[in-house]
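Student: I want to learn how to read a ligand site, a domain contact and a helix pair. Where do we start?

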Amino acid sequence: MKITVIGEELKNNDALEQFSIDVLTGLCSKPKMLPAKYFYDDIGSKIFQKITSHNDYYPTRSEFNILKDICSKLPKVLTDEEIDIIELGVGDGHKSKLVIDGFKDAGTKVNFYPIDISREAMNLLKENIKEDDQLSIEAIVSEYFQGLKYVREHSKNKKLILFLGSNVGNFNIVQVQGFLRRLWLTLGKEDHVLIGFDLKKDINKLLSAYNDSDGLTRDFNLNLLTRINRELGGNFDLDKFQHFGTYNPSLGAMESYLVSLEDQDIKIDELERSFHFKPYEAIHLEYSFKYIENDIDFLSEKTGFEVIKNYYDENKYFTDSLWKVLK
Ligand SMILES: C[S@@+](CC[C@H](N)C(=O)[O-])C[C@H]1O[C@@H](n2cnc3c(N)ncnc32)[C@H](O)[C@@H]1O
């Protein structure tokens, strides 16, 4: 499996500078916040992999069952002899494998381009998916659209974009339309996308998924403070912050916070300054927006796609929605 890191020679310095700017901006904001994309350093990607197989975390299990069910149906919609499957934010790829195998079983040659900001995600992926005569893999370590731009220059076949695991839920209603329209711009007529949407459901089910009984989500969120300590010379004491995951019914979103348990100053050497936390002051980390079917129709219409079909798991906790590009 070939791994391409976009801008490799500049990557370390550039990425660190961007991280420090985002941390500075986030901790100066009111309320304080940190961008969720920084969860996925090597340790974060490994903790996330554990979360996905935890009993309380229904999304991965639900989506896995959907994909197991539809993997033989997708090749009946995309009938070309060779296709390019491009996945945004691939993670460990264990769900991608179902889709890829579905096409291979139907005799289709697949060129797989997984894109992920996390290098560790590609190491995990390498364990799950192997190249053969019917499957070539070029993994791209980059942000979503940098990776897509690179793939566009190499890809010659019809494309199926995978955006699984409710990554789309991290965007608010304005951001998601911008993201999907930008995606539309990179695609051609007859290309398809398969997007995972986590659905609105019993609030207790949501709460236990984002506050799992083994504290994996807590560790995952706190790891962002460890990353700031390691990469930017911070002095966060993890015992002085509490993970808090809650559902905001007005927004229709799960929200994650880290709450300061006391009055404290956090010094970050790289930023040459300290940040004051009042007792119980929060850092907002993540939104995970939940959907109903109407929202999906609205989004696809607004951004230039046609919904071919929504595929559900048996509990209707999750849907993978197959869209066709309209041009
Ligand atoms: C919630 S995990 C989902 C992984 C996988 N799609 C799944 O369904 O299990 C999000 C993944 O997207 C990646 N990611 C997050 N923001 C990204 C960005 N802006 N560009 C590229 N990858 C990103 C993370 O590194 C992580 O592997």
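Tutor: With the residue classes. Ala, Val, Leu, Ile, Met, Phe, Trp, Tyr, Cys and Pro count as nonpolar; Asp, Glu, Lys and Arg count as charged; the others, Gly among them, count as polar. Keep in mind that this is a predicted model.

Student: How do the residues of the shell around the ligand divide by class?

Tutor: The shell has 8 nonpolar, 8 polar and 4 charged residues.

Student: Which of the 20 residues around the ligand come nearest?

Tutor: Tyr40, Gly89, Gly91, Ser118 and Gly165 do. Now look at the elements. H2 and strand E4 (109–116) each give two or more residues to this shell. H2 gives the most, with 3 residues.

Student: Where does the ligand lie relative to the domains?

Tutor: Start from the domain assignment of the protein chain. Domain 1 covers 2–55 + 203–289, and domain 2 covers 58–202 + 292–325. Both domains give residues to the shell around the ligand, so the ligand lies between them.

Student: How far apart are the C-alpha centres of domain 1 and domain 2?

Tutor: They lie 26 Å apart. Then count contacts: 24 residues of domain 1 touch 27 residues of domain 2.

Student: Which elements each supply at least two residues of the side of domain 1 that touches domain 2?

Tutor: Strand E1 (2–5), H2, helix H9 (203–210) and strand E12 (282–289). H2 gives the most to this side, with 6 residues. By class, the side has 11 nonpolar, 7 polar and 6 charged residues.

Student: H2 has come up with the ligand and with the domain contact. How do I read a helix pair?

Tutor: Two packed helices are described by the angle between their axes and the distance between the axes. Take helix H2 (residues 42–52) and helix H10 (residues 216–232). Their axes come within 9 Å and cross at roughly 165 degrees.

Student: What does that angle say about direction?

Tutor: Angles over 145 degrees count as roughly antiparallel. H2 and H10 are therefore roughly antiparallel to each other. As for handedness, H2 passes H10 in a left-handed crossing.

Student: Which residues in H2 meet H10?

Tutor: Ile43, Gly44, Ile47, Phe48, Lys50 and Ile51. Their partners in H10 are Leu216, Thr217, Asp219, Phe220 and Asn223. The residues of this contact divide into 6 nonpolar, 3 polar and 2 charged.

Technical notes. Residues are numbered from 1 along each chain as its sequence is written. This is a predicted model: local features need pLDDT of at least 70, side-chain atom pairs count only at pLDDT 80 or more; totals for chains, interfaces and linings use all residues. Axes are lines fitted to C-alpha atoms, for helices over the stretch in contact, and angles run from 0 to 180 degrees between N-to-C directions. Helices (H or I, at least four residues) and strands (E, at least two) are DSSP runs, numbered from the N terminus. Angles under 35 degrees count as roughly parallel, over 145 as roughly antiparallel, 65 to 115 as roughly perpendicular and the rest as oblique. A crossing is left-handed if the near helix is turned anticlockwise from the far one by less than a right angle, and right-handed if clockwise. Two residues are in contact if their C-beta atoms, placed from the backbone, lie within 7 Å. A residue is near a molecule or strand if its C-beta atom, placed from the backbone, lies within 6 Å of it. Domain bounds come from an automatic or database domain assignment.
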